[in-house]
Amino acid sequence: MPSPRRNADARPLAAAASSSSSSSPGSPGSPARGGGGGGGGGGRFEFQSLLGSRAPGADPACARLRAPESPVHRRGSFPLAGAGPSQAPAAALPEEGRMDLNPSFLGIALRSLLAIDLWLSKKLGVCAGERSSWGSARPLMKLLEISGHGIPWLLGTLYCLLRSDSWAGREVLTNLLFALLLDLLLVALIKGLVRRRRPAHNQMDMFVTLSVDKYSFPSGHATRAALVSRFILNHLVLAIPLRVLVVLWAFIVGFSRVMLGRHNVTDVAFGFFLGYAQYSIVDYCWLSPHNARVLFLLWNQQ
Ligand SMILES: CC(C)=CCC/C(C)=C/COP(=O)(O)O
């Protein structure tokens, strides 16, 4: 028999996560069972994304969740918020297993936030395809995508560094180069760890990507935009209208990621936060004029 307490906890979660789903929790088509996958777009798909955004079957952890009939698998499985009566009976579980099935307040809050994130991101993805409601703005969004891409920023910085004829300029550009490399490294690391899939409505037609770029958390464009704009504002003397433009550019690049369907809102929000924080790291580890000069001379000798 399923534990009534467990079901009472689980139902509001399933409802919050898949407001458009007509399935009852625990039914074979229920969102919590994560069946289907693909880009279906109904509540069912969204809840599956919510539980880690991975294709069922691709991940052994998911396979465990889908095999509650095995007592071995039941034991160590992750608490499934939407588990319904057809899932593992709580009475048959060991004590610690039953406690796992009680989602914490933080868990509920996090799942609700992610459900809102998926819903909002889908609504805002108005340029995700040529036939989307704002599909005609897609070329402009792609231009913004290139303006925040790693390659133009890396090549541009390298070019300016080689052309620069002042030590002050070289110092700033060397630090910018390190900042861009640090950004690439940290984003790749987090993407590889979190492994959140890009939204189902995204078309994977991006300009030069790394292997981790099949994942979406955090948005590399958002981190770069925040990092570079903070860097520019701190190290270039610009008139106020230009400073405003730099900040606007960063926000528009971030927003365009969601409009293009490349990212969920939380990917971009965290990306902004990370990029902003990265600048603080760069500032803290700022390569001194002396070290920048030594590095530049060493590199030029090769
Ligand atoms: C190939 C190089 C040097 C950088 C890759 C830049 C890139 C494609 C980042 C992905 O950005 P989003 O995470 O915003 O989609």
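This is a predicted model: local features need pLDDT of at least 70, side-chain atom pairs count only at pLDDT 80 or more; totals for chains, interfaces and linings use all residues.

**Around the ligand**

Visitor: How many residues surround the ligand?
Guide: The closest are Gly 150, Thr 209, Ser 219, Gly 220 and His 221.

Visitor: Which helix gives the largest share of the shell around the ligand?
Guide: Helices here are DSSP runs (H or I, at least four residues; strands are E, at least two), numbered from the N terminus. Helix 8 (150-163) and helix 10 each supply at least two residues of the shell. The largest share, three residues, comes from helix 8.

Visitor: How many polar residues are in that shell?
Guide: Ala, Val, Leu, Ile, Met, Phe, Trp, Tyr, Cys and Pro count as nonpolar, Asp, Glu, Lys and Arg as charged, and the others, Gly among them, as polar. The shell around the ligand has five nonpolar and three charged residues, and its polar ones number six.

**The whole fold**

Visitor: How many helices and strands are there in the protein?
Guide: From the N terminus on, the elements run α-α-α-α-α-α-α-α-α-α-α-α-α. The tally is zero strands and 13 helices.

Visitor: What percentage of the residues count as buried?
Guide: Buried takes 20 or more other C-beta atoms within 10 Å of a residue's own, exposed takes 12 or fewer, and partly exposed is in between, with C-beta atoms placed from the backbone. Of the 302 residues of the protein, the buried part is 36%.

Visitor: Why does Leu 180 count as buried?
Guide: Leu 180 sits in helix 9. Leaving aside neighbours within four places in sequence, Leu 180 is in contact (C-beta atoms, placed from the backbone, within 7 Å) with Gly 150, Trp 153, Leu 154 and Thr 157. Leu 180 counts as buried because the number of other C-beta atoms within 10 Å is 22.

Visitor: At what angle do the axes of helix 9 and helix 13 cross?
Guide: Axes are lines fitted to C-alpha atoms, for helices over the stretch in contact, and angles run from 0 to 180 degrees between N-to-C directions. The axes of helix 9 (residues 167-194) and helix 13 (residues 289-301) come within 9 Å and cross at roughly 85 degrees. That makes the two helices roughly perpendicular, a label for 65 to 115 degrees, with under 35 as roughly parallel, over 145 as roughly antiparallel and the rest as oblique. So the crossing angle is roughly 85 degrees.

Visitor: Is Arg 170 buried or exposed?
Guide: Arg 170 is in helix 9, and its C-alpha atom is separated by 7.7 Å from that of Arg 293, 123 residues apart along the chain. With 20 C-beta neighbours inside 10 Å, Arg 170 counts as buried.

Visitor: Which peptide bond is cis?
Guide: Most peptide bonds are trans. Pro 218 is in the loop between helix 9 and helix 10 (220-235). With omega near 0 degrees, the cis bond is the one from Phe 217 to Pro 218.

Visitor: Is Val 208 buried or exposed?
Guide: Val 208 is in the loop between helix 9 and helix 10, and has a positive phi of about 20 degrees although it is not a glycine. With 9 C-beta neighbours inside 10 Å, Val 208 counts as exposed.

Methods: Residues are numbered from 1 along each chain as its sequence is written. Two residues are in contact if their C-beta atoms, placed from the backbone, lie within 7 Å. A residue is near a molecule or strand if its C-beta atom, placed from the backbone, lies within 6 Å of it.
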